[in-house]
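The following exercises are to be worked through with the structure in view. Each task is followed by a solution in steps.

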Amino acid sequence: MSRSGVEIREADWIDLILLIPRLRKADVSECEALFGKGTLSKVAADTFTHSTMRFAVSVDGVIVAMFGMTVHSMLGGVGHPWMFGTPAIEKTLRRALMDDARGYISDMLRLCPRLENVVDSRNLKSIRWLVRMGFTVQPAVPMGVAGVPFHPFVMEV
């Protein structure tokens with residue numbers, strides 16, 4: 001999909017390699033709180049490798065975000081949506097992501113009728129976005145190596 005310099009397309013490894021060094025502080029902090037310092041590249045690579053859906057978002061040819069879904073259980077129909085972004089997504093993509101995300105979420109729900117994951121309780125922008133997309137954000141519980149409170153979030157058909 002392409003609109004006024006914004007393109008969403010299937011992601012490849014080069015997209016991930018270009019994106020990782022420019023991630024938002026909130027995304028890096030979330031990863032480190034769950035898995036420990038220095039784990040970002042491995043976690044991002046594992047997420048990418050195990051994703052059944054993975055998309056790159058670019059603005060004027062520059063990768064500014066990636067999103068997708070890993071499948072926890074095909075038999076149980078549970079998918080884990082994820083997103084990595086640079087600071088540019090907050091400035092240039094707010095409307096595009098709001099408009100287009102619902103369609104991608106619908107595609108995920110067709111594959112897995114239950115979507116679930118967690119979001120760092122400190123990441124207020126992501127929490128607000130998840131609520132606007134229709135996810136139910138549950139009370140935070142301590143998680144990961146740092147014991148930081150994370151909100152589980154879910155959406156079901």
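**Exercise 1: Helix α6 and its end**

Just after α6, Gly-134 adopts a positive phi of about 105°. The model is a predicted one.

Task: Determine which residues of helix α6 are buried, and why they lie on the same side of α6.

Solution. 
Step 1. Helix α6 comprises residues 124–133. Counting a residue as buried under 20% relative accessible area, one finds Ser-126, Ile-127, Leu-130 and Met-133.
Step 2. These residues cover an arc of only 125° around the axis, and therefore they lie on the same side of α6.

**Exercise 2: The largest pocket**

Task: State the volume of the largest pocket, and identify which element gives the most to its lining.

Solution. 
Step 1. The volume of the largest pocket is about 1,000 Å³. Its lining has 39 residues, of which Glu-30, Pro-81, Trp-82, Met-83 and Phe-84 are the closest to the centre.
Step 2. Several elements each supply at least two lining residues, including α2 (25–35), β5 (78–85) and α6. The most comes from α5, with seven residues.
Step 3. By class, the lining residues are 23 nonpolar, seven polar and nine charged.

**Exercise 3: The whole chain**

Task: Explain why the radius of gyration of the chain agrees with that of a compact globule.

Solution. 
Step 1. For 157 residues, a compact globule would have a radius of gyration near 15 Å.
Step 2. The chain has 15 Å, so the two agree.

Methods:
Residues are numbered from 1 along each chain as its sequence is written. This is a predicted model: local features need pLDDT of at least 70, side-chain atom pairs count only at pLDDT 80 or more; totals for chains, interfaces and linings use all residues. Side-chain values use heavy atoms; hydrogens and water are left out. Buried means under 20% relative accessible area, exposed over 50%, partly exposed in between (1.4 Å probe, protein chains only). Helices (H or I, at least four residues) and strands (E, at least two) are DSSP runs, numbered from the N terminus. The arc is that of the directions from the helix axis to the C-beta atoms. On a 1 Å grid over the protein atoms alone, a cavity is a set of points where a 1.4 Å probe fits but cannot get out, and a pocket is an open set with protein on both sides within 12 Å along at least five of seven lines; lining residues have an atom within 4 Å of a point. Grid points are joined across faces, edges and corners, and a volume is the space filled by probe spheres set on the points. Ala, Val, Leu, Ile, Met, Phe, Trp, Tyr, Cys and Pro count as nonpolar, Asp, Glu, Lys and Arg as charged, and the others, Gly among them, as polar. The radius of gyration is taken over C-alpha atoms; the globule rule is 2.2 Å times the number of residues to the power 0.38.
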